[in-house]
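Here's a quick tour for anyone meeting this structure for the first time. Have a look at it below, and then we'll go through some of its parts.

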Amino acid sequence: MKFLNDKVTRRDFLTYGLVVAAFIVVSLLASQGVIPRSLSGQLVPVTCYVVMAISLNLVVGVAGDLSLGHAGFMSVGAFSGVVCAMSLSAAIPDDGIRLAVSMVVGALFAAVAGFLIGIPVLRLRGDYLAIVTLAFGEIIKEVVNCLIVGTDAIGLHVIFNVAGDKTVDDLHLLEGGVAIIKGAQGASGTEKIATFAAGFVLVMIALAVVLNLVRSRAGRAIMAVRDNRIAAESVGLSITKYRLIAFVVSAALAGAAGALYGANFSQLSPAKFDFNTSILVLVFVVLGGLGNMRGSIIAAVLLTILPEALRGFSDYRMLVYAIVLILVMLFTNNPQLKLTLGKLLPKREGAVAHGE
Amino acid sequence: MTVFLQYLANGLSMGSVYAIIALGYTMVYGIAKMLNFAHGDVIMVGAYVSFCATSYLGLPAPVAVLISILACTALGVLIEGLAYKPLRQAGPLAVLITAIGVSYLLQNAAQLIWGATPKNFTAIVSFPVPEPLASLNVSAVSITTIIVCLVIMAALMWFTGHTKMGKAMRAVSEDKDAARLMGINVNRTISMTFAIGSALAALAGVLMCSYAPVLQPTTGAMPGIKAFTAAVFGGIGSIPGAFIGGILLGIIEAMAQAYISSSLANSIVFAVLIVVLLVKPAGLLGKYVPEKV
Amino acid sequence: MANKFNFQRARMVPVPSRAIVPDRDLEHTPALECIHLGIEFGGLKAVDDFNLTIGKTEIAGLIGPNGAGKTTVFNLLTKVYQPTHGTILINGQDTSGKSVAQVNRMGVARTFQNIRLFDSMSVLDNVKVGLHNQEPYSAFEGVIRAPRFWAREREFEERAHELLDIFDMGGLASERAGSLPYGAQRRLEIVRALATNPRLLLLDEPAAGMNPSETAELMENIVKIRDTFQIAIMLIEHDMSLVMNICEGICVLNFGRVIAKGTPEEIQSNETVIEAYLGKQKEAGTDE
């Protein structure tokens, strides 16, 4: 289309193409059994982290709001998705459809959480916003820790275990009922219905949602608010509305990613979705480039595989990871080091642009 | 009533630890305008150094504390010089991620050196506690912590208000460029701030592990985050604010654990923080500066 | 294509109004009416008892020495500050309790003394953001690329180009706004403000930092905008040749109070104004 900047459209299609190509190549390799076991187990988690990175980039890169609690939304999505998948296992026998439904449910729950958290939180900015999102991430973790959920013929049974004295027995499940979430232990015995193909579809959907949003009227408004809040208000934009749109869409996508993640393991503990996971995803976003979705995807894939690839270093691998992280940040952000690096490496196409 | 006072005393002593960490945090944030996520891990290093000095080298406690302070000061200045100084012109996110990298680095280095199994830390102070306090289960460590915290706050207030270096710090925190034009060596001032912050972290580490004697590579992470919360709570950049924030946070946490739910204690602390920030966007003692149009 | 924009009624009307108050443009509601407008910051009256009426198609100037409160008046009119006293009527509608964004939708657009563009976005996108409320479609329609998305985006594109052409900036459409030269940034701010379809355009030092030929061109453009769009324009400016040449009415502010109102000729010969600018003759040596 002529009125969509041609260069932008081409870049977007390159990103989609890259994801499709990667999916085809990896699927072929996997079917030939070339991929080592340690990596093939990572295929679904990698797609989850890619979606997490894309969705967080919408908030941090496009909307310019630093969020340190993104894993909280993943957690909401994971556990609501698991509950949905488990309680529907009789109603929807087909694994694929059940997975899709649980991902939608996970996304909805996370979107509601994002909306409820976003309304108070988005009155703040900068480091204050960062610390408050961090706080909400931890609150979500502890709240999920207190949940005991089971299902039986009557329906769902939920206990909120505030005093810490309740157990699964207090659910009083009927004969044939299943306990799904068991407090701090999390969910166990869940069916592994996630597939790499489902992960690929989710990545494509997340990418389309975020890129289409950014290239639309609302996306321009979100970026305008990021660039200059006062000017954005002066041309009649509601600041809170557009920051909230970015926040809720991002939470919903993180929820879907969480539901997929939850469906990939038979055991899922709430502690998995802590501050460190939020930080991990933030690292993908910053290394990939703020507002640059393709960068987020590449960074998420490389950095999820890197610790696996560093297995040779055994005990030293996280140390090496930390050093690599610091060096990359120094070399990409210090003017002198950047110049030195530029001389060492062959020229590549322009640096990261905002809102790309 | 006795029970309540016991909880209050617990809250006060843990709050004093948070306050000491928060004082370091608030100094660094006020001047370098960065979230130093590695601050909590400096606490952990400080505790390990003191642990080694007493357990392996058999040094007396005061010497061990001194060594720990020196080591952390050096570590803080080193981290600042190697990792943060090159990023002085970079965006806040780049610095944040680097700080996270430093935090990972310290945790994993500590794990390689000292192992992941928790060490049992022996308290650095012990003396007979006088009567009304002893019956409330107030320990020698608690009393020391509270006194040390008060002394540090007073000293910092005096330092930033009355010394040349302290005034330079306040100038840099107001406006880095203007301070430079006035002939203040900004880099040295920032290094000095990191030195002070890290020294405080070492003290906090030793006191915290004396109070809750489990030491492992991740020991500093959560107290670090909570202390930052305390600093924000009180109004980041403000020294009395960090003190009040730390103490309040400790008390709220102790009360929440005792009377509401031990598994939701952190949530309650964070929920209070959120409410405070929504009502007073710059914290209890911070001043809100609206953007000029 | 059907034109749905009110601001394209391009009747070239000879300048109808001449004085600030009161006897002109009587068949229309004034674009702006300020009645006893004032604001206090902790007891300090930054603007006090400010009364001003601007006709529907008038160009008005707001002048005064540095620190007189001129930008504060703009901030009051656009609700960046909520006034502590008085009333502001835009096209006869009360603006009390309205937010910055709502006042813009009521028809007030502005530029800023220290330029505020969306720096990382393209010139074209800056204008499209200005058009935001003129071509609404929902975020969801954008995500699924519904038919309305395509139709409205096409209109966005056309309108943005038309507006840029007013200032001959069509060639810069795909440049990054933040990398434009200073003069072009000032012009882009005006285009963006115009895109919101205002009835009253507030220009805060539009000629600051421009050379004489750029200023001359700007003067022509301001008059052209008024004639084309039939809107009221109020400007703060230190360049007296610009103010005296194009403003039909001038309001002089000093220490937050209006010290004179009138035509350029009246202002130029007003004793109080001369005193405010030059200081009292006998104190001239000690005045700052």
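Predicted model: local features only at pLDDT ≥ 70, side-chain atom pairs only at ≥ 80, totals over all residues.

Residues are numbered from 1 along each chain as its sequence is written, while chains are lettered from A and ligands numbered from 1 in the order in which they are written. Helices (H or I, at least four residues) and strands (E, at least two) are DSSP runs, numbered from the N terminus.

**Helix H6 of chain C**
- H6(C) covers residues 182-195, and its 14 residues reach 20 Å from first C-alpha to last, close to the 20 Å expected at 1.5 Å a residue (the expected span is 1.5 Å times one less than the number of residues).
- Most of H6(C) is covered, with 10 of its 14 residues buried (20 or more other C-beta atoms within 10 Å of a residue's own, with C-beta atoms placed from the backbone).
- Among the buried ones are Arg186(C), Leu188(C), Ile190(C) and Leu194(C).
- The cover over those buried residues includes S6 (108-110), H3 (123-130), H5 (147-166), S7 (200-204) and H7 (212-229) of chain C; contact here is C-beta atoms, placed from the backbone, within 7 Å.

**The sheet in chain C**
- Chain C has an open sheet of 4 strands in the order S2-S1-S4-S5, with antiparallel pairing (two strands pair if DSSP finds at least two bridges between them).
- At the edges sit S2 (44-54) and S5 (93-94) of chain C, each pairing on one side only.
- S1(C), residues 32-41, and S4(C), residues 85-90, run antiparallel and are joined by 5 bridges.
- Leu32(C) has Ile90(C) in S4(C) as its bridge partner.
- Helix H1 (residues 70-77) of chain C packs on the sheet and touches S1, S2 and S4 of chain C.

**Where chains meet**
- Between chains A and C, 26 residues of chain A are in contact with 31 residues of chain C.
- H8(A) gives the largest share of chain A's side, 8 residues.
- Between chains B and A, 37 residues of chain B are in contact with 38 residues of chain A.
- On chain B's side of that meeting, H4(B) gives the largest share, 12 residues.

Definitions and conventions:
Contact = placed C-beta atoms within 7 Å. Buried ≥ 20, exposed ≤ 12 C-beta atoms within 10 Å, placed from the backbone. Axes fitted to C-alpha atoms, helices over the stretch in contact; angles between N-to-C directions.
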